[in-house]
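Student: I have not looked at this structure before. Could we go through it step by step, with a question for each step?

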Amino acid sequence: MPMTAESARAHITGLLIERTTQDEARRKEALRDYLDVTQASTDPATSEALAGLIPALMPALYAKWIGMFADRLLETVPLAQIELVCDGSAENAAALTLAYVMFLESARMERQIDEDMAALGAGAAAEGQDPALADMAASYIRARLGVLAEKAKKQ
């Protein structure tokens, strides 16, 4: 049965959301490791505040960015070719992941990510949180995307 644009979009978004989200324990461990390596924070209270910000940020923004990727892919690539990379194989899942990371590294998406992170910082400031946490969150997201790209390249 041929794939529809809707089913291709559902496959792509489901795959990428699964690859970009983590359970709470893994998220905290990755965040602690990131902060340790970058020495972005030596203050446990700041680390805890950032850890509190990331869970609210990740799912909504990742879903937004993944949706933008899927929409752009469906606008620019014939559905028959998209169907080939939506076969469920590990190699094609890695290819989609790598294409997504490359999409995020485009000038258009770098601007979008900056806008989204600025909005997050403004929202944090309005709630009495430190807007610098949004900058730290952006750095964390970029580091996670780098890890995701490396995994995709290895597959």
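Student: Is aspartate 116 buried or exposed?
Tutor: This is a predicted model, and the values below are computed from it. A residue counts as buried when its relative accessible area is under 20%. Aspartate 116 has a relative accessibility of 9%, so its class is buried.

Student: Which residue forms a salt bridge with aspartate 116?
Tutor: The closest N and O atoms of the pair are 2.8 Å apart. A salt bridge needs a side-chain nitrogen within 4 Å of a carboxyl oxygen, so that distance qualifies. The partner of aspartate 116 is lysine 64.

Student: How many residues apart in sequence are the parts that this pair ties together?
Tutor: Aspartate 116 sits in helix H6, which covers residues 107-126.

Student: How many salt bridges does a search of the whole structure find?
Tutor: One of them is the pair of aspartate 116 and lysine 64. Another joins the side chains of arginine 9 and aspartate 71, at 2.6 Å from N to O. The search of the whole structure gives a total of three.

Student: In which helices do arginine 9 and aspartate 71 lie?
Tutor: The two residues are 62 apart, and their pair links distant parts of the chain. Arginine 9 is partly exposed at 30%, and aspartate 71 is partly exposed at 34%. Arginine 9 lies in helix H1 (residues 5-20), and aspartate 71 lies in helix H3 (residues 44-76).

Student: Where do arginine 72 and glutamate 75 lie?
Tutor: Their side chains meet in a salt bridge of 3.1 Å, N to O. Arginine 72 is partly exposed at 37% relative accessibility, whereas glutamate 75 is exposed at 57%. The two are three residues apart, about one turn of the helix, and both lie in helix H3.

Student: Which residues are linked into a cluster by ring pairs?
Tutor: The structure holds three aromatic pairs. Ring pairs link a cluster whose members are Phe69, Tyr100 and Phe103.

Student: Which element gives the largest share of the largest nonpolar core?
Tutor: This core has 25 residues, and those with the most contacts inside it include Trp65, Phe69 and Tyr100. The elements that give two or more residues to the core are H1, H3, H5 and H6. The largest share is eight residues, and it comes from H3.

Student: With which residues is leucine 16 in contact, leaving aside its neighbours within four places in sequence?
Tutor: Leucine 16 is among the residues with the most contacts inside the largest nonpolar core. With those neighbours set aside, its contacts are Ile66, Phe69, Leu96, Thr97 and Tyr100.

Student: How far apart are the end C-alpha atoms of helix H5?
Tutor: Helix H5 has 15 residues (residues 90-104), and at 1.5 Å a residue they should span 21 Å. The distance between the end C-alpha atoms agrees with this, at 21 Å.

Student: How far apart in space are leucine 104 and methionine 68, C-alpha to C-alpha?
Tutor: Leucine 104 is found in helix H5, and at 3% relative accessibility it counts as buried. In sequence, leucine 104 and methionine 68 are 36 residues apart. In space, their C-alpha separation is 9.8 Å.

Student: How many helices are there in the protein chain?
Tutor: Read along the sequence, the chain follows the pattern α-α-α-α-α-α-α. There are zero strands, and the number of helices is seven.

Student: What percentage of the residues in the protein chain is buried?
Tutor: The chain has 155 residues and exposes about 8,600 Å², of which carbon and sulfur atoms supply 56%. Buried residues make up a share of 39%.

Conventions: Residues numbered from 1 in each chain as written. Predicted model: local features only at pLDDT ≥ 70, side-chain atom pairs only at ≥ 80, totals over all residues. Heavy atoms only, no water. Helix = DSSP H or I, 4+ residues; strand = E, 2+ residues; numbered from the N terminus. Buried < 20%, exposed > 50% of the residue type's maximum accessible area, 1.4 Å probe, protein only. Expected span 1.5 Å × (residues − 1). Core = buried A, V, L, I, M, F, W, Y, C linked by side-chain atoms within 4.5 Å. Contact = heavy atoms within 4.5 Å. Areas by Shrake-Rupley, 256 points an atom, 1.4 Å probe, with all protein chains shown as cover. Phe/Tyr/Trp six-rings, centres within 6.5 Å; stacked < 30°, edge-to-face > 60°.
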